Structure formats: C-alpha cells, structure tokens
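Hello,

Here is the structure I promised to pass on to you. Have a look at it first, and then read on for my notes.

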Amino acid sequence: MDPSSIAAAFVASQASQLQTVVAAKMLKMNADMASSAAQLLDAASQNLNRLANVAAGVGGNLDITA
C-alpha cells in the first residue's frame, strides 16, 4: 500500500468513528425525549384525574376578559 492509501483509510476510519459517536448521541437524545413525553403525559393524566371529582358547572361562568 502506498502512503496516500493508508492516510485515506485512516481519515475514513476517523470519519466513521465520529459518525458512530454522533449517532449514539442522537439515539440517547431521542430516548430522553421519549421519557420526557411520557412524564408529561403522566402528569397531565394525574391533573385530569384531580378534576374528575369537581362538581358539575364549576368554571362554567369564568370571566376571562382582561
């Protein structure tokens, strides 16, 4: 092998290693985002369950003008 081929192979190896690191980071970010979405949905469900026991008509005459 000539030196330019070895250098090209080394550069390609470094680039593929960088791509692997970036892909792993993106997968972790997607997993974190999915976890955050699940937590948000759980919190919304808990808040909705609290409002399920409110008497009928509560909030019906709310004045929202500012």
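This is a predicted model: local features need pLDDT of at least 70, side-chain atom pairs count only at pLDDT 80 or more; totals for chains, interfaces and linings use all residues.

Now to the overall picture. The secondary structure of the chain amounts to one helix and zero strands. That helix, α1, covers residues 3-51, and Pro3 is part of helix α1. From Pro3 to Asp42 there are 39 residues in sequence, and their C-alpha atoms are 59 Å apart in space.

As for burial, 0% of the 66 residues count as buried. The accessible surface of the chain is about 6000 Å², and carbon and sulfur atoms contribute 65% of that.

Next, the charged side chains. Side chains of opposite charge can pair when their charged atoms come close. How many salt bridges does a search of the whole structure find? The search finds one. The partners are Asp32 and Lys28, whose side chains meet at 3.1 Å, N to O. Both residues belong to helix α1 and are four residues apart, which is about one turn of the helix. Asp32 counts as partly exposed because its relative accessibility is 40%, a value that falls between the cut-offs of 20% for buried and 50% for exposed.

Finally, there is a nonpolar feature to point out. Which residues form a nonpolar patch on the surface? They are Leu18, Val22 and Met26, and together they have about 300 Å² of accessible area. Leu18 has its place in helix α1. With a relative accessibility of 55%, Leu18 passes the cut-off of over 50% and therefore counts as exposed.

If you open the model, you could begin with the salt bridge between Asp32 and Lys28 and then turn to the patch of Leu18, Val22 and Met26.

Best wishes

Methods
Residues are numbered from 1 along each chain as its sequence is written. Side-chain values use heavy atoms; hydrogens and water are left out. Patches are made of residues with over 30% relative accessible area and no salt bridge: like charges are joined within 9 Å, nonpolar side chains (Val, Leu, Ile, Met, Phe, Trp, Tyr) within 5 Å. Accessible areas come from the Shrake-Rupley method with a 1.4 Å probe; for residues, only the protein chains shown count as cover. A salt bridge is a side-chain nitrogen of Lys or Arg within 4 Å of a carboxyl oxygen of Asp or Glu. Helices (H or I, at least four residues) and strands (E, at least two) are DSSP runs, numbered from the N terminus. Buried means under 20% relative accessible area, exposed over 50%, partly exposed in between (1.4 Å probe, protein chains only).
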